[in-house]
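Dear colleague,

The findings follow directly after it.

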Amino acid sequence: MESTLSIIKPDGVARGLIGEISRRLEQNDLKIVAMKMIRMTKGQAEGFYAVHRERPFFASLTDFMSAGPVVVMVLTGENAIARYRELMGATDCRVAAEGTIRKDFATDIEKNVVHGSDGPDTAAFEIGYFFSGLELASLQG
């Protein structure tokens with residue numbers, strides 16, 4: 001079993017896609033073991049995306065991610081990271097595979113509806129960024 005973080009971004013929340021995305025996760029054997037809706041401050045978004053601080057899209061990304069509520073989730077399952085990334089589709093919805101979340105719902109490269117961890121170390125950091133040990137303790141065992 002592996003865990004990963006999923007975020008339904010402000011565009012997905014605003015467009016009422018929480019239920020549809022959650023359905024797709026569960027249909028693909030990704031179990032939602034923690035979920036909450038939050039609204040990040042600009043500073044929180046900057047902390048979360050700190051790895052991209054030097055990239056030209058950093059300011060735009062953090063403005064977008066703090067512009068409205070998001071839904072953060074912890075997903076578990078076999079090969080959860082790779083399976084969720086496949087289900088999300090490519091970052092650029094124009095080249096995402098048919099039937100993926102981003103192909104079906106994204107409107108551009110930034111407003112691409114969802115975020116997912118890209119590896120085990122990233123997943124551990126990202127899950128810890130949004131969920132306390134107390135929130136996750138009941139998920140053990």
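A residue is called buried here if its relative accessible area is under 20%, exposed if it is over 50%, and partly exposed in between (1.4 Å probe, protein chains only). Helices (H or I, at least four residues) and strands (E, at least two) are DSSP runs, numbered from the N terminus. The model is a predicted one: local features need pLDDT of at least 70, side-chain atom pairs count only at pLDDT 80 or more, and totals for chains, interfaces and linings use all residues. Residues are numbered from 1 along each chain as its sequence is written, and side-chain values use heavy atoms, with hydrogens and water left out.

Four strands form an open sheet in the order 2-3-1-4, with antiparallel pairing; two strands are said to pair if DSSP finds at least two bridges between them. Strand 2 (31–38) and strand 4 are the edge strands, each pairing on one side only. On average, neighbouring strands of this sheet are turned by 20 degrees against each other, direction ignored. Such angles are taken between axes, which are lines fitted to C-alpha atoms (for helices over the stretch in contact), and run from 0 to 180 degrees between N-to-C directions.

The individual pairings are as follows. Strand 1 and strand 3 run antiparallel and are joined by 7 bridges; E2 has G77 of strand 3 as its bridge partner. Strand 2 and strand 3 are likewise antiparallel, over 7 bridges, and K31 is partnered by T76 in strand 3. Between strand 1 and strand 4 the antiparallel pairing extends over 3 bridges, with I7 opposite H115 in strand 4.

How many residues of strand 3 are buried? The count is 8 of the 8, so strand 3 is largely enclosed by the rest of the structure.

Next come the helices. In helix 2, the buried residues are I21, S22, R24 and L25. They cover an arc of only 160 degrees around the axis, which puts them on the same side of helix 2; the arc is that of the directions from the helix axis to the C-beta atoms. The face turned away from this buried side carries G19, E26 and Q27, which are exposed. Strand 1, strand 2, strand 3, helix 5, helix 6 and strand 4 are what the buried residues of helix 2 pack against, contact meaning heavy atoms within 4.5 Å. D29 follows helix 2 and has a positive phi, near 60 degrees.

Helix 5 (residues 80–88) has A80, I81, Y84, L87 and M88 buried. Viewed down the axis of helix 5, these buried residues fall within an arc of 130 degrees, so they line one face of the helix. A82 and E86, on the other side, are exposed. The cover over the buried residues of helix 5 includes strand 1 (2–8), helix 2 (18–27), strand 3 (70–77), helix 6 (101–105), strand 4 (114–116) and helix 7 (120–130). Just after helix 5, G89 takes a positive phi of about 90 degrees.

Leaving aside residues up to four places away in sequence, I81 touches E2, S3, T4, S117, D118, G119, P120 and A123. I81 and G119 are 38 residues apart along the chain, and their C-alpha atoms are separated by 6.5 Å.

Helix 7 lies across strand 1, strand 2, strand 3 and strand 4, and runs at about 60 degrees to strand 1.

Finally, the aromatic residues. A search of the whole structure finds 5 aromatic pairs. Rings of Phe, Tyr and Trp (its six-membered ring) pair if their centres lie within 6.5 Å; planes under 30 degrees apart count as stacked, over 60 as edge-to-face and the rest as tilted. F125 and Y129 form a tilted pair, 5.7 Å centre to centre with 45 degrees between the planes. They are 4 residues apart in helix 7, about one helical turn. F125 is partly exposed at 42% relative accessible area, and Y129 is partly exposed at 31%. The ring centres of Y129 and F130 are 5.2 Å apart and their planes stand at 75 degrees, so this pair is edge-to-face. F130 is buried, at 9%. F48, Y49, F125, Y129 and F130 form one aromatic cluster.

With kind regards
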